[in-house]
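User: I have a structure open and would like to go through it piece by piece. Can you take my questions as they come?

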Amino acid sequence: MLSAIPRPGGTPGEISAQLAQRAARVFPGGITRNTVDRDPSLYYIGWGQGAYLHDVDGRRLLDLNNNFTTLIHGHGFEPVVDAVAKTLRDGTCFSNPTVHEIALAELLCDRIPAVEQVRFVNTGTEAVMFAIKAARALTSRPGVAKIEGAYHGAYDWAEVGQMGTPLTWGPPDNPRPVPAYHGQPSAVAENVVILRFNDIDAAVTRIKANASRLACVLIDPMPSRAGLIAPDPAFLEAVTRVARENRILIVADEVLNLRQGYEGASARFGLDPDLVAMGKIIGGGFPIGAIGGKRDPISIFGTALLSQGGTFSANPVSMIAGLEAMRAMTRDNFDRLESLGDDLRARLRASINRAGAPFSVSGSASLFRIHPKAVAPSDYREAFLSPQENRTMTGLDHFMKDHGVLMPKGAASSLSTAMTTSDIDFVADTFEKFLDTQDFQHDDRV
Ligand SMILES: Cc1ncc(COP(=O)(O)O)c(C=O)c1O
């Protein structure tokens, strides 16, 4: 299905352009979070419905962003809307607990093998931060080992090494803890050890060499920004073994990848974490984060060794929305999403093969990412885009948008239960049309 009012070349609509002018006066850089799509210019959303977004200028887009993979049911999911509408009149936040937080915690503890108890916070950033703090409180060590290129939110130690470039990332056997912002205290980077994904020997060596100062290994089993590449089970196994031998905790960041299955990402990929950071889908479209874990490590939150609060933590709106969204994610619904994802990845790959195009596809379950690389990348460095590849992806991004598909650039695309097989056809057909517009035979990308 094409957009209601197609606009050539991704040019902004008139109303978006006017809003962008107003925004430029009140927001630095004209935006209030750097991650919104500005390519080639800002467009404002009027409303979302099911699998589709409607921008204020009348364009309709199939939403493969889903607010950075959060909306597993798409927009305006009725059970969430109804439950939230009911609770709004009863009060939206209290300094006392409510029954709703117990219900959502019970659901998570029932489903996720590594989660026996939970603490709720407001964002994935906070979840990762408190998991790291818990690991520090348990080990009396400051350091974090993490995967190069992996995004874990905005806590300083979790940000290090997330955006190295060929100029800054250092030699492959000694990746640098590249700061995430100008002026980051050097003491932060000094306490971060960067590991390359799936590089077993180097990871084991680096963890051993830094063991006395490491509180945890922070690991997202399929880091989206680092390439959405599947973990080598031997890598996860080796990292866990050397961590356990050295009393270092394994913190799984499942903020994004909990949507890998009914029991989450660690269970799917064979990781056995001590603590799990969660977020996104468990809030049903409202702000949320959670730290879960086995009873022994997570019980640190119930002691004076670690303080954790948060004005809006466990607010009933997020709890109720999350409960409804997660209840609706039955095993059958996870299976259905997975099969839509399998179909789409297979169709994208078939189109690439037919066209002899220098592209590859990564991902699993309801997540996928298209790389402008003939050979599928196996880590962040290989997934990193050259200037030419960046232009190719910008071209793809614009083409998809111009034809009614919003596909995040440089991060995971996600499916929602609101999508149907015809939506999958639409994405696959649009990508095939894009490939038809390219001349790969006379192309130095091939
Ligand atoms: C893997 C991962 N961890 C942590 C975060 C941070 O979550 P939030 O944006 O809710 O703070 C994100 C957000 O995209 C993420 O993808």
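User: Which side chain has an N or O atom 2.7 Å from a nitrogen atom of the ligand?
Analyst: That is the side chain of Asp253. Keep in mind that this is a predicted model.

User: And what about an oxygen atom of the ligand, which side chain has an N or O atom 2.7 Å from it?
Analyst: The side chain of Lys280 does. Taken alone, the ligand exposes 390 Å², and the protein buries 81% of that.

User: Where does the backbone come in, for an oxygen atom of the ligand?
Analyst: At Gly124, where a polar backbone atom is 2.8 Å from an oxygen atom of the ligand.

User: Which residues are around the ligand?
Analyst: They are Thr123, Gly124, Thr125, Tyr151, His152, Gly153, Asp220, Asp253, Val255, Leu256 and Lys280. By type, this shell divides into three nonpolar, five polar and three charged residues.

User: Gly124 again. Which helix is it in, buried there with Glu126?
Analyst: Helix H5. H5 covers residues 124–139, which is 16 residues. From first C-alpha to last, H5 reaches 23 Å, close to the 22 Å expected at 1.5 Å a residue.

User: Is H5 mostly covered or mostly open?
Analyst: Mostly covered, with twelve of its 16 residues buried. Among them are Ala127, Val128, Met129, Phe130 and Ile132.

User: Glu is a charged residue. Why does Glu126 count as buried?
Analyst: Its relative accessibility is 18%, and buried means under 20%, so Glu126 counts as buried.

User: How far is Glu126 from Thr420?
Analyst: They are 34 Å apart in space, C-alpha to C-alpha, and 294 residues apart in sequence.

User: Back to the helix. What comes just after H5?
Analyst: Ser140, which takes a positive phi of about 60 degrees. Most residues other than glycine have a negative phi.

User: Which other residues have a positive phi without being glycine?
Analyst: Arg247 and Ala314 are two examples. Phi of Arg247 is about 55 degrees, and phi of Ala314 is near 65 degrees.

User: Where do they lie?
Analyst: Both are in loops. Arg247 lies between helix H9 (233–245) and strand E8 (249–253). Ala314 is placed between helix H11 (295–298) and helix H12 (316–328).

User: Buried or exposed, for each of the two?
Analyst: Arg247 is exposed, with a relative accessible area of 53%. Ala314 counts as buried, at 15% relative accessibility.

User: While we are on the backbone, where is there a cis peptide bond?
Analyst: Between Asp39 and Pro40, with omega of about 5 degrees. Pro40 lies in the loop between helix H1 (14–26) and E1. Most peptide bonds are trans.

User: E1 is a strand, then. Which sheet has it?
Analyst: An open sheet of four strands, in the order E1-E2-E3-E13, with mixed pairing. Strand E1 (45–49) and strand E13 (405–406) stand at the edges, each with a single partner strand, so one side of each has no neighbour in the sheet.

User: And how do E2 and E3 pair?
Analyst: In the antiparallel sense, over three bridges, with E2 at residues 52–55 and E3 at residues 60–63. Leu53 has Leu61 in E3 as its bridge partner.

User: What is the strand order in the sheet that has E11?
Analyst: The order is E11-E12-E14, an open sheet of three strands with antiparallel pairing. Strand E11 (360–362) and strand E14 (413–414) are the edge strands here. Val361 stands opposite Ile370 in E12.

User: New topic: E10. Why is it largely enclosed?
Analyst: Five of the five residues of strand E10 (residues 289–293) are buried, so E10 is largely enclosed by the rest of the structure. Gly289, Ile291 and Gly293 lie on one side, Ala290 and Gly292 on the other, and all are buried.

User: Which strands pair with E10?
Analyst: Strand E4 (residues 117–121) pairs with E10 in the antiparallel sense over five bridges. Strand E9 (residues 275–279) is also joined to E10 by five bridges and runs antiparallel to it.

User: What is Ala290 bridged to in each?
Analyst: Ala290 is the bridge partner of Phe120 and also of Met278.

Technical notes: Residues numbered from 1 in each chain as written. Predicted model: local features only at pLDDT ≥ 70, side-chain atom pairs only at ≥ 80, totals over all residues. Heavy atoms only, no water. Near = heavy atom within 4 Å. Polar contact = N/O pair within 3.5 Å; in protein donor to acceptor, adjacent residues only side chain to side chain. Areas by Shrake-Rupley, 256 points an atom, 1.4 Å probe, with all protein chains shown as cover. Pairing = 2+ DSSP bridges. Expected span 1.5 Å × (residues − 1). Buried < 20%, exposed > 50% of the residue type's maximum accessible area, 1.4 Å probe, protein only.
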